[in-house]
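Colleague: I would like to go through this model feature by feature. Please start with a pocket and then turn to helix packing.

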Amino acid sequence: RETHGDDNTLDIKLHDFGCRGCTSAESAAIGGAAHLVNFQSTDTMPALLLLRRYYHSSMAGYSIPATEHSTITAWGRDGELQAYSNMMRQFPDGVIACVSDSYNIWESIEKLWGKELKDEVLARGKNGGVLVVRPDSGDPPTVVLKCLELLESSFGTTSNNKGYKMLPPYLRLMQGDGISYRTLRSILDVLKSNKWSAENVFFGSGGALLQQVDRDTQKCAYKCSSVTVNGEERDVYKEPITDAGKNSKRGRLQLRMIDGEYTTL
């Protein structure tokens, strides 16, 4: 309200990414249903089924076409541009979200989205399409602000009636890493102090939204590590420049017991 004044999009501002991090389908359903009391944006399918069965809600939440890391990295490091372009061709209108930090988020925004693919982004915008760029690593307030500034340098901004900067309507940002009700305020404070409207940014929350005893407790996650495309085997991995701790293992892997110790080969 302080930086935008319009509550019309509030119910899609916090997206539920939490299903895969829950300890059971039942806990995902219950936690996801609680989230849907206040919001409509979710990827937690069990919550939709619970609300349909017990609360007679035909469709309590919605999502959009969106990439995740392996759908980008499976194209190979040199294929990042083609992966983004393919996403826009597959969905020529409507809202899409593209995770963009698989390797170098700054180059992705400045060189790929802001130069190589700029005409395609503008063309989708003329069809009513919206591109949501998604960083997914690093210090959230710092990363969100820098991403907005890079998008501004390529696509420009306007000011709303409260004097805060707005990206063009066909372009938005989504921060889906490190989001909880504790961290949201710090991001919004940084946006406000740098004269950015909160309307520019959507948020996604996983581990901190549905339950706090989850995969992040043990820093454990399953990732795609190899893919065969047209008979060619490729390593699949991410290596975000903003957080080396998120680098993933690559190639075909085996877990072996060697001299009493589990070892990944």
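Modeller: This is a predicted model. The lining of the second largest pocket comprises eight nonpolar, four polar and nine charged residues.

Colleague: What volume does the second largest pocket have, and which residues are the closest to its centre?

Modeller: Its volume is about 750 Å³. The lining has 21 residues, and Arg 1, Thr 3, Leu 10, Leu 188 and Ala 198 are the closest to the centre.

Colleague: Which elements give two or more residues to that lining?

Modeller: They are H8 and strand S7 (201–205). H8 gives the most, with five residues.

Colleague: At what angle does H8 (residues 181–193) cross helix H7 (residues 140–155)?

Modeller: The two axes cross at roughly 35° and come within 9 Å. The crossing of H7 and H8 is right-handed. On the H7 side the contact is made by Pro 140, Pro 141, Val 144, Leu 145 and Leu 148, and on the H8 side by Ser 186, Ile 187, Val 190 and Leu 191. By class, that is eight nonpolar, one polar and no charged residues.

Colleague: How are helix H1 (residues 25–35) and helix H2 (residues 45–55) packed?

Modeller: Their axes lie 7 Å apart, at an angle of about 70°. Angles of 65 to 115 degrees count as roughly perpendicular, so H1 is roughly perpendicular to H2.

Colleague: Which residues of H1 and H2 meet?

Modeller: Ala 25, Ala 28, Ala 29, Ile 30, Gly 32 and Ala 33 of H1 meet Pro 46, Ala 47, Leu 50 and Leu 51 of H2. This contact has nine nonpolar residues, one polar and no charged ones.

Conventions:
Residues numbered from 1 in each chain as written. Predicted model: local features only at pLDDT ≥ 70, side-chain atom pairs only at ≥ 80, totals over all residues. Heavy atoms only, no water. Axes fitted to C-alpha atoms, helices over the stretch in contact; angles between N-to-C directions. Helix = DSSP H or I, 4+ residues; strand = E, 2+ residues; numbered from the N terminus. Parallel < 35°, antiparallel > 145°, perpendicular 65-115°, else oblique. Contact = heavy atoms within 4.5 Å. Nonpolar A, V, L, I, M, F, W, Y, C, P; charged D, E, K, R; others polar. Left-handed = near helix turned anticlockwise from the far one by under 90°. 1 Å grid on protein atoms, 1.4 Å probe; cavity = no way out; pocket = protein on both sides within 12 Å on 5 of 7 lines; lining within 4 Å. Points joined across faces, edges and corners; volume = space filled by probe spheres on them.
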